[in-house]
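Here are my notes on the model, for your review. Please read them with the structure open.

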Amino acid sequence: MSGDCEWISWLSSNASRMFECNYWPKLVFRSSLQRSNCQSKSCLVTKCKQSAHRLPQNSVLLTLIIKSLLFINLFLIPITSHAFRVPYRYPHYPLFHKELINNSPIAGPAPNEVVSVELFPRDNAKTHHTSQYEIVNNINPSLVIRRGDPFYLALRLNGPYDQSRDKIRLEFMFGPRPQIGKGTLIYLPISNNKDFTKDSSKWDARSHHIDGNQLTIHVHLPANVAVGIWKLRVSTKQQGSRNIRSFDVKENIYVLFNAWNKDDGVFLPDDTKRREYVLNDVGKIYIGSHSKPKGRQWIYGQFADSVLPAVMFMMEKTRLDYSARANPVKVVRSVAAMVNSHDDNGLLVGNWSGNYNDGNAPWQWTGSAPIFEQYLRSNGEPIKFGQCWVFAGSTTTMSRALGIPARTITNFVSAHDTDDSLTVDKFFTKDGEPISDVNSDSIWNFHVWTDVWMSRPDLPPGYGGWQVIDATPQESSDVSGLYQTGPASLEAIRKGEVGMAYDVPFVFAEVNSDVVHWQLDETSELGWRKIKTNKYHVGRKLFTKRVGVDSDYGGISDAEDITALYKFKEGTEEERMAVLNAARGAGLSFLFELPQPGKEDIEFDLLDIEKVIIGNPFYIQVEMTNRVGSVRTVTLSLSCNSFYLTGILARKIKQDRQIIVLQPYQKEVFRIRVNSDDYIDKLVDYSMMKIYAIATVKETQQTWSEEDDFSIEKPQLHINTRGDIVVGREYGLEIQMTNPINRVLTDCAFTIEGPGITRPMQIKFRDIQPGESIAHSLRFVPQRPGPRTIVVVFHSRQLIDVVGSKPVNVIA
């Protein structure tokens, strides 16, 4: 008989024994699949019919028996997945294998089957610092635990548990095709030891309490396992038996990084910092200009019910293997790639154009949770739109949701070095006119990214701690070619160690570039002559929210200046050495050589602009001092433009060019006035303005240029509540504002969000007349007690990004 029909012969010779044994359907079907090389029932049926037709004529009775058995086996008796997953292929795991490789067809007595499994999600959450996750507190809660710490589960069995007779194994599975060799399938027998006996880097499980047919189990989860969704199956059998029953636990087990465990790579020893950088779901992002920064409330919302499932969905799209999912360095690098949509249909689409008709304008977002929720509901369709601070806020949310300590950083006057020169280069003609099409280097008014905390075993000692990751799609990474930045060690950035992975040169340039002015010079080898280097313009301030300090609305008293962590103090020998060290490491030291001293006898100063409230005029002023006893003729050009935060020109507002004659030792202040009607209709996102001044001295060919940026300030929303705010009891909230401009505000709307108080919502409002004060009342029913924050954003066609926030305490 052919190989395809061997199983029929075996079936006929063992038919009588199979009728006597409850285990025969599984044996027949498994043997059938193996011997026929079939992968489905339909294939097996076809094979059976073909084989049956080839039997001798005197085997009609046997043919009928076989067909009957096959019909019963395939269609009348349900086939469960457990029959296919019996681990007979892994003889080095001793709990079940001896009976499975035994050729005896006698299955043995029925096991004490599992009836139900209790994962104690709320109790385990208390010890794992995960109680704030909403999916832990839902009607059907999920287990959310941090690796490195033990947790409890309980089994309810069909009968009383007998330690000597009942054998139980936990099977933890990770990913779509779990395998023992890859660490994604864990077979974990239950020991009866009083304590865990294995090394802390190994899985372990012990019986904790026995109460009749209920068994409580204590499981040790190593600190080096992959972070993500794990599944659990429990298999039972009796001692000496091959008869196995398995129970699949439907609920997901979310395993996160553990900043509380010293064996985890993200361990952070300070509990106050853990509360801020892992558990705080409301924070502050600083925007505006270096001279007038302001804080904007941001609801990270890492505990919202849709965020953790969305984060895990995004992690699956990274296609990181098991070992990479266990490595925080690899995970945060993928986070930086997944939060933007450039390469992998990630979370957010970037848009700096000012046209947001087919999505949400970046300034309309009040926090990250609505973005993750929309992404999950759309099955991974990128959400429109984000800019650097929205990318950074979402990156911090994703990091904290995974258990990685994270903080949002703002760099005021941030360089965007597009040609890897570690400088921002500006080019001028022989006459001192700026040339804009030589390269794409730019200076952002502010740029926002995320710092994450972790060890760096891939780098020399001393380079762990805070690491920069950045999801804003500026430039592709120096290693992967994808739009991702980091993790770049802060210590490496501060020292100018540009050879350290990942993307240290790019971040170093963002915070410590020299701004180099080049003038066209055909006699030079480069074709350009360096005429000026500004060593102090870039990286003016680096802010993050201060640990443990609650918001002061739109102010900056809760800001921590961490500039010294990123760079040595400007003008010091250490700062210059770091810059030259970076230049040497990149082979660019010639760019930082000082130009030949020239005749610079006119002193120029572009005066800072004080606070400008929207609707008011302001002045651009340049102070010039002639320090010699000769007449000097100065050609001065001033321009005022509205700019996007990326440093890209939006609209020209005012421009002036004058020739000024300075007498010996004369001091002169040249100024131009900019009225509200000049700029009010030309403002773009965040009302950023940039002043550019350039001057040439006729007698000496001295050239000077300077730039400055500032923001037109907008009114603040005032939010008021009355009386105690109690869980489950309706309360009122009133929003007040005044229209500060001489325009009717149309298409008005409020965006409102408050975790535990209200989900993100948008409310339309009527037109608001010039100078009119309005008050709008709303009613909410709080859902969760404790300190809460309400954030409101107002926007209209004529006036956008007016923000207010209100901290409240909800009583249980």
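1. Ring pairs. Rings of Phe, Tyr and Trp (its six-membered ring) pair if their centres lie within 6.5 Å; planes under 30 degrees apart count as stacked, over 60 as edge-to-face and the rest as tilted. By this rule the protein holds 25 aromatic pairs. One of them is W298 with W389, edge-to-face, at 5.4 Å centre to centre and 80° between the planes. W298 sits in strand 12 (residues 293-299) and W389 in helix 13, so this pair ties together parts 91 residues apart in sequence. Helices (H or I, at least four residues) and strands (E, at least two) are DSSP runs, numbered from the N terminus.

2. Provenance. This is a predicted model: local features need pLDDT of at least 70, side-chain atom pairs count only at pLDDT 80 or more, and totals for chains, interfaces and linings use all residues. Residues are numbered from 1 along each chain as its sequence is written, and side-chain values use heavy atoms, with hydrogens and water left out.

3. Burial of the tryptophans. Buried means under 20% relative accessible area, exposed over 50%, and partly exposed in between (1.4 Å probe, protein chains only). W298 counts as buried because its relative accessibility is 0%. W389 is also at 0% and therefore buried. A further edge-to-face pair joins W453 and W466, with 5.3 Å centre to centre and 80° between the planes. W453 belongs to strand 18 (residues 442-454) and W466 to strand 19; they are 13 residues apart. W453, at 23% relative accessibility, counts as partly exposed. W466, at 11%, counts as buried.

4. Aromatic cluster. Which residues form one aromatic cluster? They are F151, F172, F174, W203, W230 and Y322.

5. Overall make-up. The protein has 18 helices and 39 strands. Of its 812 residues, 55% are buried. A contact means heavy atoms within 4.5 Å. Among contacts between residues at least 6 apart in sequence, 68% join residues at least 24 apart.

6. Nonpolar cores. A nonpolar core is a set of buried Ala, Val, Leu, Ile, Met, Phe, Trp, Tyr and Cys residues joined through side-chain atoms within 4.5 Å. The largest has 92 residues, and those touching the most other members are L308, W389, M398, L402, I404, F446 and Y566. Leaving out residues up to four places away in sequence, Y566 touches I409, W449, D451, V468, L490, I493, R494, V511 and L542. Another core lies apart from this one; its 57 residues include F710, I725, I735 and V802. In soluble globular proteins, nonpolar side chains tend to be buried together.

7. Helix 8. This helix covers residues 271-279, and R274, E276, Y277, V278 and L279 are buried in it. Their cover includes strand 2 (143-146), helix 13 (388-401), strand 15 (406-416), strand 19 (465-470) and strand 23 (541-545). At the start of helix 8, a side-chain oxygen of D270 comes within 2.8 Å of the backbone nitrogen of T272. For reference, a polar contact is a pair of N or O atoms within 3.5 Å; within protein, one must be able to donate a hydrogen and the other to accept it, and residues adjacent in sequence count only if both atoms are side-chain atoms.

8. Helix 11. Of the 11 residues in helix 11 (residues 328-338), 10 are buried. Among them are P328, R333, S334 and M338. A side-chain oxygen of N327 reaches to within 3.0 Å of the backbone nitrogen of V329 at the helix start.

9. Two strands pair if DSSP finds at least two bridges between them. Strand 2 pairs with strand 10 (residues 253-256) in the parallel sense, over four bridges. There, I145 has V255 as its bridge partner. T130 lies in the loop between helix 7 (121-128) and strand 2. T130 is buried, with a relative accessible area of 0%. Not counting residues up to four places away in sequence, T130 touches A125, V136, V144, R146 and L256.

10. Strand 30 (residues 688-697) and strand 31 run antiparallel and are joined by nine bridges. A695 stands opposite W704 in strand 31.
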